[in-house]
Structure formats: C-alpha cells, structure tokens
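This report describes the fold of one protein chain. The sequence and structure come first, and the description follows.

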Amino acid sequence: MAIKVHGIPLSTATMRVVSCLIEKDLDFEFVFVDMANEEHKKHPFLSLNPFAQVPAFEDGDLKLFESRAITQYIAHTYASNGIQLILQDPKKMAIMSIWMEVEGQKFEPLASKLTWELVIKPMIGMGSTNDAIVRKSEEQLSKVLDIYETRLTESKYLGGDSFTLVDLHHIPNIYHLMNTKAKTMFDSRPRVSAWCADILARPAWVKGLEKLQK
C-alpha cells in the first residue's frame, strides 16, 4: 500500500515530512486537506489526527501524526533507502538527539512565531503583523543562533558531521524566514549562514517544494 501524506503546502510540518520522504527516495501520495472548509476538523481526517492538525501520515495500515515522529519513523524504517538521516553509533546518536530536542524546544517555538507573523498571516489575510511579538521572538531566537554559531565550529552540521534529521527539521522555517527581514539574523552569523545555504540547497528540499507547489 502506498505511503500517503495528508497536509497543505504552506504547513512547515507538512514540508518537513515531504522533504524526509524525498531524501529517502520513497514514493508517496500527497493528499491535500481543505482546511479552509475545515476538512481537518471532520471525519475521516480526525481518524488520522484527532488533534485536527496537519500533517497526517499513512504507511499501509500504520497511521501517524506529529511531523517529527513521522520523520523518525521514516528514517528508521527505511534506513537502507536514500541517504542516512540517523547515526548508527550510540554516542553520536545521543548527541544528535540532543540537537533534535533543541530544534523542537528552543528553535521551533520562536521561528514558528516569526514565520506566522512575517509570512503566513500576510499571505492568508489574517491581519497585520504584531511587531511586539516579532521583536521579542527575534531577540530570543538570536540567542539560540549564537549557540548554533558556536556549535557549528565543532561540526559541519548541527547533529554531527553529516546531514541528519536535525538539520532537516529546521529547513521549513528557515526557508520562510529567509524571505523576510529576519534573514539578517542568520546572515550575520557566518557559520549559521553557510549552514543555512547548504541545507536549503539540498536537491530533496528543492524537489519537495516543486511537488507541493504543483
């Protein structure tokens, strides 16, 4: 049975899962969820994600939600496909896991606020940007990026010397923010800037964007 991703192109979480599948060279079907008509709040979608959020994921009879749980399932289950997105050495995997937690708990909450205020709200006509939220989020995210700058003196990628789920999980928000004034936060830190350019140029990411924008 085919792998299915239920979501919307604008969703950073949906983009995260699609990028992972393409990195692993897996075929899948993208199923558009009509959130404007609240399809995500009705059955059958609620049987896939009871929290009424995208994405939802199917692999045969397995149904998953939460994008990072989905990408970890893909990376482990299809380890022999595409590129390796996890590390086999237990100590290296432990370090990688730390930075996966950092992305989810330190980077994502701030970056997603900026993405919402600077990109999504204007795009869907949800009102004007809240400048106070933007200022506070930029101030806090700058501190996170200072730590990233130091970390990237130790390894080429955040999770280690190779591209992993850690880096992949960052891409959607960075992609959106690179088209806003928040770009200066990334550009002003040389190692962070080089890392961003590297991960945003990955063929799988570019291919994923093309697939979602069709």
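The sections below cover overall composition, the sheet, and the helices packed on the sheet.

## Overall composition

The model is predicted. The protein contains 9 helices and 4 strands. Starting at the N terminus, the order of elements is β-α-β-α-β-β-α-α-α-α-α-α-α. The radius of gyration is 17 Å, close to the 17 Å given by the globule rule for 214 residues, so the protein is as compact as a globular protein of that length.

The C-alpha trace spans about 50 × 45 × 25 Å along the principal axes. Buried residues make up 50% of the 214. Among contacts with a separation of 6 or more, 66% are between residues 24 or more positions apart.

## The sheet

The 4 strands form an open sheet in the order β2-β1-β3-β4, and the pairing is mixed. The edges are held by β2 (28-32) and β4 (62-65); each has a single partner strand, so one side of each has no neighbour in the sheet. From one strand to the next, the twist averages 20°.

Strands β1 (residues 3-7) and β3 (residues 56-59) run antiparallel and are joined by 4 bridges. In this pair, Ile 3 lies opposite Asp 59 of β3.

## Helices on the sheet

Helix α1 (residues 12-23) packs on the sheet and touches β1, β2 and β3. The direction of α1 makes about 160° with that of β1.

Helix α3 (residues 67-77) also packs on the sheet, where it touches β3 and β4. Between the directions of α3 and β4 the angle is about 135°.

How values were computed: Residues are numbered from 1 along each chain as its sequence is written. This is a predicted model: local features need pLDDT of at least 70, side-chain atom pairs count only at pLDDT 80 or more; totals for chains, interfaces and linings use all residues. Side-chain values use heavy atoms; hydrogens and water are left out. Two strands pair if DSSP finds at least two bridges between them. Helices (H or I, at least four residues) and strands (E, at least two) are DSSP runs, numbered from the N terminus. Axes are lines fitted to C-alpha atoms, for helices over the stretch in contact, and angles run from 0 to 180 degrees between N-to-C directions. Contact means heavy atoms within 4.5 Å. The radius of gyration is taken over C-alpha atoms; the globule rule is 2.2 Å times the number of residues to the power 0.38. Buried means under 20% relative accessible area, exposed over 50%, partly exposed in between (1.4 Å probe, protein chains only).
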